[in-house]
Amino acid sequence: MSAFDDIRDYVAIPRVLSLKLAPDGSRLVSAVQTLNPDRKSYGTALWSIPLDGEPYRLTRSAKGETAAEFTAAGDLLFTSARPDPTVKDGAGEVPALWLLPRAGGEARQVATRPGGIGAFRTAGDVVVFASDVLDGEEATEEERRKARKDAGSSAILHEGYPVRYWDHDLGPGHVRLFAARLGDDRLEEVRELTPDPGEALREASFALTPDGSTVLATWRIPLPAGEQRTELVAIDVASGQRRTLFGEEGWDFGGPLAVSPDGTRVACARERLTGPDLSARVELWLGDLATGEGRAYAPDLFPSDVAWAPDSSAVYITADHQGRRPIFRVPLTGAHTRLTGDDAAYLGLNASADGRFVHALRSGLALAPGPARIDVVTGEVTDLPSPAPRPEVPGTLTEISATADDGATVRGWLILPETASAAEPAPFLLWIHGGPVASWNDWQWRWQAWIMAQHGYAVLMPDPCLSTGYGQDMIDRGWGDWGPRTMADLDAIVDVALARDDLDSERTAAMGGSFGGYMANWVAGHSDRYKAIVTHASLWNLDQFAGTTDMAAYWQREFGAPGSERYTTLSPHHGLDRISTPMLVIHGDKDYRVPIGEALRLWWDLRRSEVESKFLYFPDENHWILKPGNTVAWYETVLAFLGRHVLGQEWKRPDSVA
């Protein structure tokens with residue numbers, strides 16, 4: 001039996017999440033996520049992957065461990081909310097910093113903060129970490145946090161924007177950076193680097209120079225009318241003095257972020273601030289740490305990860321490209337070249353100190369993530385033993401393309417079930433990606449098309465306009481024209497797919513989440529081609545959405561202020577009177593990017609219009625629906641809904657939903 005047949009088996013598959021290479025190049029360390037014994041939640045543990053042996057587990061605790069970084073000596077630092085056995089009643093409530101000695105033995109807690117320890121970086125004997133800090137006297141912070149909790153108060157008074165981010169509330173504390181020195185048993189000489197930063201370090205990326213003298217960090221600059229932009233600053237670890245390294249009107253500077261091994265240069269991403277007629281653009285930016293002078297490299301590649309070559313002469317980046325995410329080598333002088341030639345998607349880059357290899361997580365639509373070694377001269381890829389064996393997928397992956405009405409090429413992936421044939425054509429499912437500035441190219445733990453293939457569906461995963469990996473023109477084509485332009489692209493590639501004799505053009509459905517949910521709603525009001533539509537975390541009434549999303553300022557850069565022409569032209573709710581296709585609406589109440597009001601309004605409009613529909617509601621979930629039991633309910637309900645309307649089966653309420 002396939003792991004994709006029973007959703008409960010699928011959610012129990014272990015997942016490799018990260019990859020770090022030891023300074024001596026002898027081993028890698030990964031955080032691996034597995035189902036907890038209660039089967040209601042996930043936990044994480046750290047695994048060692050020797051380059052000359054088999055993986056083995058390093059850590060075990062009920063709270064789990066994440067964010068591993070090697071020290072210069074080869075010890076392993078990580079964060080965990082596990083209890084400290086050296087402290088009476090030392091039950092962990094917030095993440096602390098722990099050290100696991102290279103020589104073996106038990107991990108020991110080396111630092112803690114009342115607001116927990118988040119991201120951290122280390123170089124030499126220097127450690128820099130982020131922590132959430134309440135305003136006021138540091139000495140009384142723990143007491144004030146406890147008093148607030150005991151009083152049952154969750155109130156937060158805001159004087160700025162934003163107040164929420166994706167799935168969590170912001171405040172009442174602010175993120176600050178701290179520096180310390182690695183001592184024998186604890187971090188020593190802990191001191192604050194960024195007093196009173198306000199919201200400047202919220203969701204910050206930061207890196208440490210190899211000598212530990214300077215922190216490079218993203219720094220948010222508030223602008224009028226709720227806008228903001230992000231600079232990259234250099235903070236002296238000894239004095240806390242801060243200077244702007246990269247800052248430019250109309251651009252954000254941010255992660256991925258890395259400092260060259262010789263400590264002279266910085267690699268980061270420069271992202272254009274969008275406007276009604278100015279589309280999204282992300283560039284690799286390399287600059288001088290001393291002077292702040294820099295420039296863009298590798299045009300038309302949106303960097304998603306970056307690592308320096310050990311001689312500091314080039315960087316390795318990953319970037320979406322034609323439905324893949326290859327590794328590219330970008331030299332300081334000369335043209336960039338593609339290093340990997342396969343269909344995979346790479347992340348977690350680690351260059352070996354001898355310059356011979358890059359280690360990375362390798363995955364793809366048909367390949368779960370696992371560690372790999374890439375020869376930097378030949379591009380040869382070698383899969384390494386993984387802490388989580390990859391599941392076999394139940395079908396085949398085929399590339400497909402079409403020519404849109406404006407002459408552009410639209411390509412995508414077609415997943416075919418093992419049963420598909422001319423004699424037994426498979427029912428067809430169009431799956432539209434989110435973003436919209438994104439691409440179908442990577443393994444999807446959340447949006448898993450192979451589950452649908454196991455149940456007999458052929459799944460088309462196209463990259464229409466606004467998709468990454470096809471040059472700036474592909475994004476420009478759809479900017480400010482979400483519905484009509486995207487649907488024309490989708491229609492073109494669906495026509496090509498349904499011309500195949502192994503697909504059933506009469507048994508069809510469409511689905512998508514986030515921007516894909518927006519498009520599912522748009523398709524519902526502009527086509528009767530599909531027998532069923534599933535819309536998840538979807539935008540419905542754009543005027544309503546514009547001021548309630550957690551990032552209203554970002555949204556309104558493209559669409560303008562509520563009430564402008566684009567809201568009238570592009571809002572799916574204006575197509576309500578043309579919807580006749582049965583719809584399944586799915587939403588989580590903790591979704592702040594696309595607030596629950598979108599689903600409530602859509603559900604009410606469908607009921608008022610007597611469109612056959614159902615509403616799958618998750619009170620405790622966010623944009624993605626991540627808890628194992630809820631994931632089971634999501635897939636079982638989608639399959640039952642499609643079975644009823646596409647396959648003609650009798651509707652049966654899944655046992656996993658109330």
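This is a predicted model: local features need pLDDT of at least 70, side-chain atom pairs count only at pLDDT 80 or more; totals for chains, interfaces and linings use all residues.
**Salt bridges**

Across the whole structure, a search finds 48 salt bridges. Three of them are set out in the table below, each with the distance between nitrogen and oxygen.

| Pair | Distance, N to O |
|---|---|
| Arg176 and Asp196 | 3.9 Å |
| Arg270 and Glu248 | 2.7 Å |
| Glu399 and Arg411 | 2.8 Å |

In the salt bridge between Arg176 and Asp196, Arg176 belongs to strand S14 (residues 174–182), while Asp196 sits in the loop between strand S15 (187–192) and strand S16 (206–208), so the pair ties together parts that are 20 residues apart in sequence. Arg176 counts as buried because its relative accessibility is 7%, whereas Asp196, at 65% relative accessibility, counts as exposed.

The side chains of Arg270 and Glu248 also meet in a salt bridge. Here Arg270 is part of strand S21 (residues 265–272) and Glu248 is in the loop between strand S19 (242–246) and strand S20 (251–259), so that parts 22 residues apart in sequence are tied together by the pair. Arg270 is buried, with a relative accessible area of 9%, and Glu248 counts as partly exposed because its relative accessibility is 31%.

In the pair formed by Glu399 and Arg411, both partners lie in strands: Glu399 is in strand S32 (residues 395–403) and Arg411 in strand S33 (residues 409–417), so the pair ties together parts that are 12 residues apart in sequence. Glu399 counts as partly exposed at 39% relative accessibility, while Arg411, with a relative accessible area of 4%, is buried.

**A buried asparagine**

Asn350 is located in strand S28 (residues 345–351) and counts as buried, because its relative accessibility is 11%, under the 20% limit. What does the side chain of Asn350 reach at 3.1 Å? At that distance the Asn350 side chain meets the backbone nitrogen of Leu21, and the side chain of Asn350 also reaches the backbone oxygen of Gly348, at 2.8 Å.

**A positive patch**

On the surface, a patch of positive charge is formed where Arg607, Lys614, Arg644 and Arg653 gather. One of these residues, Arg607, lies in helix H10 (residues 596–608), and Arg607 counts as partly exposed because its relative accessibility is 45%.

Definitions and conventions. Residues are numbered from 1 along each chain as its sequence is written. Side-chain values use heavy atoms; hydrogens and water are left out. Patches are made of residues with over 30% relative accessible area and no salt bridge: like charges are joined within 9 Å, nonpolar side chains (Val, Leu, Ile, Met, Phe, Trp, Tyr) within 5 Å. Accessible areas come from the Shrake-Rupley method with a 1.4 Å probe; for residues, only the protein chains shown count as cover. A salt bridge is a side-chain nitrogen of Lys or Arg within 4 Å of a carboxyl oxygen of Asp or Glu. Lys and Arg count as positive and Asp and Glu as negative; His and the chain ends are not counted. The place of a charge is taken as NZ of Lys, CZ of Arg, CG of Asp or CD of Glu. Helices (H or I, at least four residues) and strands (E, at least two) are DSSP runs, numbered from the N terminus. Buried means under 20% relative accessible area, exposed over 50%, partly exposed in between (1.4 Å probe, protein chains only). A polar contact is a pair of N or O atoms within 3.5 Å; within protein, one must be able to donate a hydrogen and the other to accept it, and residues adjacent in sequence count only if both atoms are side-chain atoms.
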